[in-house]
Number of protein chains: 2
Amino acid sequence: MELMHAGQTVGFIGLGVMGASMAGHLLAGGYRLIVHTRTKAKAQPLLARGMTWRDTPGDVAAEADAVITMVGYPSDVESVYLGSQGIVQRARPGTLLIDMTTSSPALARRIAAQAMARGLSTLDAPVSGGDVGAREAKLSIMVGGEPAAFDRAMPLFQLMGRNIVHQGDAGTGQHAKMCNQIAIAAGMIGVCEAMLYAKKSGLNPQTVLQSISAGAAGSWSLSNLAPRILQGDFSPGFYVKHFIKDMGIALDSAAEMGLDLPGLKLAHQLYDRLAASGGENLGTQGLFTLYARQLELHPNPTQTPAG
Amino acid sequence: MELMHAGQTVGFIGLGVMGASMAGHLLAGGYRLIVHTRTKAKAQPLLARGMTWRDTPGDVAAEADAVITMVGYPSDVESVYLGSQGIVQRARPGTLLIDMTTSSPALARRIAAQAMARGLSTLDAPVSGGDVGAREAKLSIMVGGEPAAFDRAMPLFQLMGRNIVHQGDAGTGQHAKMCNQIAIAAGMIGVCEAMLYAKKSGLNPQTVLQSISAGAAGSWSLSNLAPRILQGDFSPGFYVKHFIKDMGIALDSAAEMGLDLPGLKLAHQLYDRLAASGGENLGTQGLFTLYARQLELHPNPTQTPAG
């Protein structure tokens with residue numbers, strides 16, 4: 001087996017904020033890029049840099065040594081891979097297929113099985129690190145699939161990320177990403193409730209952060225998102241609507257395994273309520289806006305020494 | 001106003017694991033220590049080092065320039081301060097009273113008001129950092145009360161901690177500590193659910209931690225307690241029973257302010273169930289043992305590529 005190397009052709013499908021950065025790094029690394037994305041206009045800056053357009057995912061796959069997908073929902077993953085004239089049908093035997101979308105572990109195993117039957121290798125390789133991680137090639141990449149396929153893909157991964165971990169067989173990359181989202185979900189509830197309590201009790205929340213950020217309550221979210229909450233900055237690093245998608249996949253996957261995860265369930269409910277009231281395009285720290293309604297409903301009580 | 005200085009007399013009430021270490025640092029810093037604790041036998045090692053025993057909290061307070069309390073529950077705080085022949089009644093005017101117990105913010109304000117009427121200064125100054133933080137004099141100390149009292153107490157605090165933050169008026173130290181516990185509570189749910197999902201889905205949880213600990217899912221709990229969970233080490237850094245006490249105070253305090261904190265409520269329920277089934281003397285990471293029952297109920301499904 002030959003490792004991927006500069007000069008080979010990589011097909012890249014899905015050129016959103018994440019995908020565009022990632023494909024750009026591969027081009028800069030010396031690969032030939034053949035691309036497709038739902039809205040061709042979004043690809044123009046990359047086509048101007050020398051990438052080649054194809055009209056369907058299948059057309060991309062037919063010419064590529066490796067295909068990377070970074071699309072939206074599991075339903076999108078399913079149709080680009082398993083649809084008629086899709087990637088699995090059109091790719092030449094020996095092609096390496098890498099789905100970097102956050103998607104369903106069960107679907108990843110289904111794609112792997114069908115691809116194997118056609119002589120193709122697959123990896124599920126979702127990422128964390130967001131648009132900044134993608135832009136700076138500092139993504140954490142969680143990979144499931146055959147070890148040989150993992151080794152073969154490593155030169156590509158190294159152009160996009162820096163914490164690249166092989167988790168196990170097909171589907172385990174997606175499962176690991178679910179663990180990531182599960183830990184974030186309940187943690188964000190804790191951050192929002194701590195900040196709400198701080199405001200309501202008349203504390204200076206910045207001063208509270210001085211006391212609690214470096215200790216046992218400390219977290220990436222508390223250090224990075226609580227300050228944005230206090231500045232009223234709810235702009236997206238990671239969109240509420242995408243987080244809801246991910247939590248939905250995790251809940252489905254947990255249900256298939258017979259697991260009850262009440263913290264994840266609560267987070268999913270709260271974020272659903274946030275989205276239903278117009279917050280789906282906020283960043284995940286926008287959860288605080290749902291809690292903040294309690295500040296309006298019950299004005300801050302007067303604090304007295306004898307209170 | 002004179003700052004506290006070596007040679008003065010500090011009364012210390014409550015010589016549990018935390019209090020014994022803290023009182024020891026003050027003695028080593030040159031203060032005269034007069035002490036009381038519920039079970040005299042526990043004080044023997046400190047008496048052997050030169051501390052002086054008194055039979056009641058009031059007797060301690062009557063001789064001290066400053067009194068520090070580190071007792072168990074808000075009911076204990078109330079009785080040592082406000083009981084007949086208690087600290088507030090027996091302390092000489094000008095004495096500085098510092099409660100370092102994690103206790104009720106409303107009670108802290110009530111003690112402050114009654115103490116002020118008798119010419120006494122008070123601070124509520126709960127800590128985080130646990131027994132290790134107490135032993136190594138690295139506690140984080142969250143302080144509520146008059147600025148002058150805070151300044152006066154600083155030489156004492158500096159012998160016990162290193163992140164010493166004045167949060168505001170009486171009660172705000174306790175409120176800040178509640179923010180700390182609220183952030184920890186939901187965060188621990190996230191850590192346990194992520195580790196449960198990892199195990200159930202057949203991942204190597206250690207490998208999952210490699211992928212997720214340094215990113216957006218990262219937290220003190222994930223870095224410090226998840227590894228203990230995976231080793232089956234549920235020994236107490238911080239006891240489940242004490243965490244339940246703290247969450248109960250936070251819920252009461254939130255209710256007084258009209259706040260609904262569903263994540264905190266869920267954590268309190270789960271820890272209550274854990275305690276009810278014999279887990280009250282585990283460390284807080286023992287919450288995983290409640291979740292782990294799901295691993296037994298539903299055996300790990302066979303993983304197949306087509307699964």
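## Salt bridges

Over all chains, this predicted model holds 17 salt bridges. One of them pairs A:Arg32 with A:Glu63, whose closest N and O atoms are 3.7 Å apart. The two residues come from distant parts of the chain, 31 residues apart. A:Arg32 sits in strand S2 (residues 32-36) of chain A. A:Glu63 sits in the loop between helix H3 (57-62) and strand S4 (66-69) of chain A. Both partners are partly exposed: A:Arg32 has a relative accessible area of 37%, and A:Glu63 has 27%.

B:Glu78 lies in helix H4 (residues 74-82) of chain B and B:Arg110 in helix H6 (residues 105-117) of chain B, so the bridge ties together parts that are 32 residues apart in sequence. B:Glu78 is partly exposed, at 33% relative accessibility. B:Arg110 is partly exposed too, at 34%. Shared partners also matter for the bridges of chain A: A:Arg32, A:Arg54 and A:Glu63 are joined into one network.

A further salt bridge links A:Asp246 and A:Lys245, at 3.8 Å from N to O. Here both residues are buried.

## Two domains in chain A

Chain A is assigned domain 1 (9-169) and domain 2 (176-297). Their centres, taken over C-alpha atoms, are 29 Å apart. Contact between them involves 15 residues of domain 1 and eleven residues of domain 2. Together the two domains of chain A bury about 930 Å². Carbon and sulfur atoms account for 65% of that area. Three residues stand out on the domain 1 side: A:Tyr73, A:Thr102 and A:Met142 supply 44% of the area that domain 1 buries against domain 2, more than any other three residues.

No salt bridges are counted between the two domains of chain A. Four residue pairs are in polar contact across this interface. Helix H6 (105-117) and strand S7 (127-128) of chain A each supply at least two residues of the domain 1 side. That side divides into seven nonpolar, seven polar and one charged residue.

## Where chain A meets chain B

The contact between the chains takes 65 residues from chain A and 65 residues from chain B. About 5,400 Å² is buried between them, 65% of it on carbon and sulfur atoms. A:Tyr197, A:Ser211 and A:Met257 supply 13% of the area that chain A buries against chain B, more than any other three residues.

The interface of chain A and chain B has zero salt bridges. Polar contacts are present, with 22 residue pairs. Helix H9 (residues 172-200) of chain A gives the most to the chain A side, with 19 residues. By class, that side of chain A has 34 nonpolar, 26 polar and five charged residues.

A:Ser140 belongs to strand S8 (residues 139-145) of chain A. Its relative accessible area is 8%, so A:Ser140 counts as buried, the cut-off being under 20%. The side chains of A:Ser140 and A:Asn163 are joined by a polar contact of 3.4 Å. Beyond its neighbours within four places in sequence, A:Ser140 is in contact with A:Pro126, A:Val127, A:Ser128, A:Asn163 and B:Ser211.

## Helix H10 of chain B

B:Ser211 is one of the buried residues of H10(B). Helix H10 (residues 205-212) of chain B has six of its eight residues buried, so it is largely enclosed by the rest of the structure.

Both chains cover the buried residues of H10(B). From chain A, the cover includes S8, strand S9 (161-168) and H9. From chain B, it includes helix H9 (172-200), helix H11 (220-224) and helix H12 (226-230). B:Asn204 caps the N-terminal end of H10(B), with a side-chain oxygen 2.9 Å from the backbone nitrogen of B:Gln206.

## A:Ala226

A:Ala226 is found in helix H12 (residues 226-230) of chain A. A:Ala226 is buried, with a relative accessible area of 0%. Not counting residues up to four places away in sequence, A:Ala226 touches A:Val191, A:Met195, A:Leu209 and A:Ser221. Of these, A:Leu209 is 17 residues from A:Ala226 in sequence and 8.3 Å away in space, C-alpha to C-alpha.

How values were computed. Residues numbered from 1 in each chain as written. Chains lettered and ligands numbered in written order. Predicted model: local features only at pLDDT ≥ 70, side-chain atom pairs only at ≥ 80, totals over all residues. Heavy atoms only, no water. Helix = DSSP H or I, 4+ residues; strand = E, 2+ residues; numbered from the N terminus. Buried < 20%, exposed > 50% of the residue type's maximum accessible area, 1.4 Å probe, protein only. Polar contact = N/O pair within 3.5 Å; in protein donor to acceptor, adjacent residues only side chain to side chain. Contact = heavy atoms within 4.5 Å. Domains from an automatic or database assignment. Buried area = accessible area lost by both parts, 1.4 Å probe. Salt bridge = Lys/Arg side-chain N within 4 Å of Asp/Glu carboxyl O. Nonpolar A, V, L, I, M, F, W, Y, C, P; charged D, E, K, R; others polar.
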